[in-house]
Amino acid sequence: MNQKNSSVLFEKAQKFIPGGVNSPVRAFKAVGGNPLFIKSATGAYLYDEDDNQYIELINSWGPMILGHAHPAIANAVREAVEYSLSFGAPTAKEVEIAELITEMMPSVEKVRMVNSGTEATMSAIRVARGFTGRDKFIKIEGCYHGHGDSFLIAAGSGAVTMGNPDSPGVTKGTAKDTLLAPFNDLQAIENLIDANSGQIAALILEPVAGNMGCIAPEKSYLQGLRDLCTKNGIVLIFDEVMTGFRLSKGGAQEVYGITPDMTTLGKIIGGGMPVGAYGGKTEIMDYVSPQGPVYQAGTLSGNPVAMSAGLAVLKTLNENPEIYQNLESKTQKLTKGIRKNFQKLGLNYTINQIGSMFTLFFTDSEITDFETAKKSDLELFGKYFRAMLEQGIYLAPSQFETLFVSDALSENDIEQIISASYKALKEIH
Ligand SMILES: *Cc1c(COP(=O)(O)O)cnc(C)c1O
């Protein structure tokens, strides 16, 4: 495959942008080769600067659940642009989207819009601290909550892919207030609570982990966390930046029937525009300025163009709930096909799948947390990634990422991915 224009662009990009990319995992550092420069995308297909077509399983890391250049979203944005790009003043659209979010996700009684998932989690922790008057919080190893200082400790996603889950530049003072526990381990949480009695403001996690690869919570884990937080006055925060509006209309919290105190959102909520949000119980959210004392602000927050895109996606999902069944059955078809490939080739790798999220881990161990995820053969993953790309299948360039199926992916695309996967697996063994 000719990827000459991408190579030339990457060469130039490295002169002017650190590492040539504006977000680390976009570089193919963990898998080898140069990143592709993307010119356009429609439905389930990406086109690079050399006009190669790829079937897409990243979907901008989650937001493009309806596929690329979806007419409802494109039209909403075009219409909004005519009214000016930003006012820095309240709009009818942001009230409409806030109301719709609270309807789709009832644990969110009030919501504040921000510009990224990073901002959402940073703000949620600040509010939880203000609300409880406590400093520490519990983070789960391998969960990723954006690049806020206090989260860059045992962080998943790009941080672990690049080999720096603990980032330089985070002060000891900051790090000491972040307490760590493994995913799916209730006892570890109990121990932390005992050892830091009355000092823990919040517990934040991805209810379905997606940033150390896809890992579902074990039965009763989330309920156990809910009970421990209630008992100890700890604010339970579900980071649903990835899972919100993806696993169901009401996110992972609806799938598992657990009500968090606060929720952070992003990705799908902006339909591809830079948007995040945090929300939760009224009594907590009323601590946010100007209602309450916890300061949080944004010049472009609730931007009217971004709100229009988000609103178009959320409305489409809300009005067509069958999309979720379709996504699930497509994803199951895909993972079943890949498992069949394993059988034919005498391989025994682990695939974790829930809803339209899945990860193929290159290990035969069961993957339940960050430790087990790290057993994967990263070199083999890199070979698989390159063999798939060569056949026009665009995967996330890291073993520690979740792949996403979009509503635009057709039965034929699924067949193509399965047969490419067979060839790739055969070639690399
Ligand atoms: C992507 C992600 C974030 C960070 O969102 P950005 O918009 O990249 O800042 C936070 N939490 C989770 C769970 C995510 O998947």
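Analyst: The closest cysteine sulfur to that of Cys214 is in Cys143, 12 Å away, which is too far for a bond. This is a predicted model, in which local features need pLDDT of at least 70, side-chain atom pairs count only at pLDDT 80 or more, and totals for chains, interfaces and linings use all residues. Residues are numbered from 1 along each chain as its sequence is written, and side-chain values use heavy atoms, with hydrogens and water left out.

User: How many disulfides in the whole structure, then?

Analyst: The search of the whole structure finds zero. A disulfide here is a pair of cysteine sulfur atoms within 2.5 Å. Seen from Cys143, the closest cysteine sulfur is the one in Cys214, at 12 Å.

User: Is Cys143 buried or exposed?

Analyst: Cys143 is buried, at 0% relative accessible area. Cys214 is also counted as buried, at 1%. The classes are buried under 20% relative accessible area, exposed over 50%, and partly exposed in between, with a 1.4 Å probe and protein chains only.

User: Ok, salt bridges. How many?

Analyst: Nine are found in the whole structure. The criterion is a side-chain nitrogen of Lys or Arg within 4 Å of a carboxyl oxygen of Asp or Glu.

User: What does Lys110 pair with?

Analyst: Lys110 forms a salt bridge with Asp286, at 2.8 Å from N to O. Lys110 belongs to strand S4 (residues 110-114) and Asp286 to the loop between helix H10 (282-285) and helix H11 (304-319), so the bridge ties together parts 176 residues apart in sequence. Helices (H or I, at least four residues) and strands (E, at least two) are DSSP runs, numbered from the N terminus.

User: How exposed is Asp286?

Analyst: Asp286 is partly exposed, with a relative accessible area of 23%. Lys110 is partly exposed as well, at 35%.

User: What about Asp261, which residue does it bridge to?

Analyst: Asp261 pairs with Arg226, and their closest N and O atoms are 3.0 Å apart. Asp261 sits in the loop between helix H9 (251-256) and strand S9 (262-265), while Arg226 is in helix H8 (residues 221-232), so this pair links distant parts of the chain, 35 residues apart. Asp261 is buried at 5% relative accessibility, and Arg226 is buried at 12%.

User: Which residues are networked with that pair?

Analyst: Lys281 joins Arg226 and Asp261 in a network of salt bridges.

User: And Lys374, what is its partner?

Analyst: Glu371, with a distance of 3.5 Å from N to O. Lys374 is partly exposed, with a relative accessible area of 41%.

User: Switching to the ligand. What surrounds it?

Analyst: The residues around the ligand are Ser116, Gly117, Thr118, Tyr144, His145, Gly146, Glu206, Asn211, Asp239, Val241, Met242 and Lys267.

User: Which polar side-chain atoms lie by the ligand nitrogen and oxygen atoms, and at what distances?

Analyst: A ligand oxygen is 2.6 Å from an N or O atom in the side chain of Lys267. Another entry puts an oxygen atom of the ligand 3.1 Å from a side-chain N or O atom of Asn211. For Asp239, a polar side-chain atom lies 2.7 Å from a nitrogen atom of the ligand.

User: How much of the ligand does the protein bury?

Analyst: Taken alone the ligand exposes 380 Å², and the protein buries 83% of that. Areas come from the Shrake-Rupley method with a 1.4 Å probe; for residues, only the protein chains shown count as cover.

User: Now the backbone. Where is there a cis peptide bond?

Analyst: Between Ser289 and Pro290, with omega about 10°. Pro290 is in the loop between H10 and H11.

User: Which residues other than glycine have a positive phi?

Analyst: Asp51 has phi near 65°, and Trp61 has phi near 70°. Asp51 is in the loop between strand S2 (45-48) and strand S3 (53-56), and at 54% relative accessibility it counts as exposed. Trp61 is in the loop between S3 and helix H2 (71-81).

User: Last one, Ala175. What does it touch?

Analyst: Leaving out residues up to four places away in sequence, Ala175 touches Ile153 and Val170; contact means heavy atoms within 4.5 Å. Ala175 is in helix H6 (residues 172-175) and is partly exposed, at 26% relative accessible area.

Conventions. Near = heavy atom within 4 Å. Polar contact = N/O pair within 3.5 Å; in protein donor to acceptor, adjacent residues only side chain to side chain.
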